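Q: I have a model open and want to go through a few parts of it. Can you take my questions as they come?
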Amino acid sequence: MKKLIYLLTTLIVFSSCGSSKYIAGNTVEDKVLAEALRKLDKKPGDTALQNSLKYLYNDAALAHLNNIERYQKLQNNDRYDKTIAEYQSLQKLSEIIKISSLARKFVTAPSYLNEIQQTKVDAAEDFYEYGLQMSENGADKQSYRDAYAAFLRANGYVPGYKDVKRQINDAFQNSILDVVINPVTDNSSYYQSIGRNRFGNSFNSDMMQRSLVRDLGGDYNKNAPARFYTDIDASRARIDVDWVVDIMWTNLDIPRPFTNTYTKNVSKEIEVGKDTSGKKLYQTVNATLYLTKRYFTAQGDLECRVTDAVTRKNVDLKRYTSRVDWSQEYGTYKGDSRALSEIDWAMINLRNPQLPSREEILAGLFDKMYPQLRSGIQNLVR
């Protein structure tokens with residue numbers, strides 16, 4: 001406790017000194033040492049400060065060495081990153097001591113570059129060996145994916161470690177999933193209540209299915225972690241399927257349109273000529289619109305279920321919701337036609353107003369969900 005109070009007191013005393021070349025770690029001990037070096041630059045003859053440097057450095061270094069000892073006993077995968085970070089902080093302490101020509105006379109600060117490199121080599125070796133173990137462990141897709149991740153970590157610590165680049169490529173190729181996407185189906189009460197044939201053939205076709213397969217890369221994107229097929233294409237090519245994607249509407253609400261009739265008075269100032277002095281003359285013209293508005297809001301819930309083709313276990317289940325707002329206005333008018341705007345004329349000239357077809361409504365609902373659906377599958381295979 002007394003040591004901490006001393007360090008904090010020292011930090012407060014030194015904090016008024018400003019120099020950006022002494023940048024150490026985030027521990028209290030690191031900051032105290034850095035501030036002391038800044039102070040020494042301003043008062044190089046301060047003997048008390050000179051004598052304290054060795055102790056300040058030792059305190060800072062000991063804090064990091066204690067952390068390293070603790071991290072090296074851990075069994076989790078981030079122990080190497082934590083250890084390397086501590087060694088890098090020690091190296092920063094060494095570097096800021098060497099920056100100061102005065103500090104070098106009183107403090108011997110060793111380099112930790114060898115320790116940093118050796119820890120990286122140890123990490124690379126551990127992840128490399130784990131990758132080999134996963135590659136040989138049952139040789140299933142998940143094991144190869146674990147191996148791929150491990151080899152990437154090994155290469156991150158020591159680029160080109162042993163034959164890790166070849167191992168990365170082999171593990172990746174063996175981890176690629178073959179995924180079948182089935183046609184979009186409908187299990188909603190709405191679909192059942194109106195009858196299958198009322199939707200027409202377009203909704204039950206494989207258009208949505210094939211669009212999804214194509215946009216996910218199909219079977220031709222060799223750099224992707226998965227290849228995608230329709231159920232028919234997978235059967236024809238005799239693909240050994242890993243995952244199956246089933247997409248279905250679980251809820252559809254497409255109500256009958258509401259109708260609202262109303263009148264709207266419009267007016268406009270129009271130029272009707274000029275007076276004897278050439279000044280423009282204006283007249284206010286008026287008209288009354290008799291309008292009918294038809295509108296509705298359709299909603300839909302889509303479920304995307306991914307299952308393992310071998311075990312039949314669920315891999316993932318997500319639900320998406322969207323809505324489509326539709327409205328249409330048409331009518332007639334009485335009065336001066338010059339008072340009407342372009343929008344008014346568009347409503348008046350609308351002939352034979354028609355509702356969108358059910359297929360169009362479903363396509364609109366699906367289009368709004370589509371980016372999320374596609375991204376969800378992409379993220380899952382990654």
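Predicted model: local features only at pLDDT ≥ 70, side-chain atom pairs only at ≥ 80, totals over all residues.

Q: Fine. Which residues of α3 are buried, then?
A: In α3, the buried residues are L49, Q50, S52, L53, L56, Y57, A60, A61, H64, N67, I68 and Y71.

Q: Where does α3 bend?
A: At L53, by about 30°. L53 is also among the buried residues of the helix.

Q: What end-to-end distance should α3 have, and what does the model give?
A: Helix α3 covers residues 47-71, which is 25 residues. At 1.5 Å a residue the helix should span 36 Å, and its end C-alpha atoms are 37 Å apart, so the two values agree.

Q: What does I99 touch, leaving out residues up to four places away in sequence?
A: I99 contacts K21, Y22 and R104. K21 is 78 residues away along the chain, yet the C-alpha atoms of I99 and K21 are separated by 8.1 Å.

Q: On to the strands. How many bridges join β5 to β6?
A: There are 16, and the strands run antiparallel; β5 is residues 258-274. I270 stands opposite Q283 in β6.

Q: What about the turn between β5 and β6?
A: The two strands form a hairpin with 5 residues between them, and G278 in the turn has a positive phi of about 90°.

Q: And β6 with β7, how many bridges there?
A: 21, again antiparallel, with β7 spanning residues 314-335. L289 has Y333 in β7 as its bridge partner. In that hairpin 5 residues lie between the strands, and R312 takes a positive phi near 65°.

Q: How does β4 pair with β6?
A: β4, residues 243-253, pairs with β6, residues 280-308, in the antiparallel sense over 10 bridges. N251 has D301 in β6 as its bridge partner.

Q: Last topic, pockets. What is the volume of the second largest pocket?
A: About 190 Å³.

Q: Which residues line that pocket?
A: The lining is D140, K141, Q142, R145, L177, D242, W243, D308, V310 and T311. Helix α7, residues 141-157, gives the largest share with 3 residues.

Methods. Residues numbered from 1 in each chain as written. Heavy atoms only, no water. Contact = heavy atoms within 4.5 Å. Helix = DSSP H or I, 4+ residues; strand = E, 2+ residues; numbered from the N terminus. Expected span 1.5 Å × (residues − 1). Bend = angle between axes of the 7 residues up to and from the residue. Buried < 20%, exposed > 50% of the residue type's maximum accessible area, 1.4 Å probe, protein only. Pairing = 2+ DSSP bridges. 1 Å grid on protein atoms, 1.4 Å probe; cavity = no way out; pocket = protein on both sides within 12 Å on 5 of 7 lines; lining within 4 Å. Points joined across faces, edges and corners; volume = space filled by probe spheres on them.
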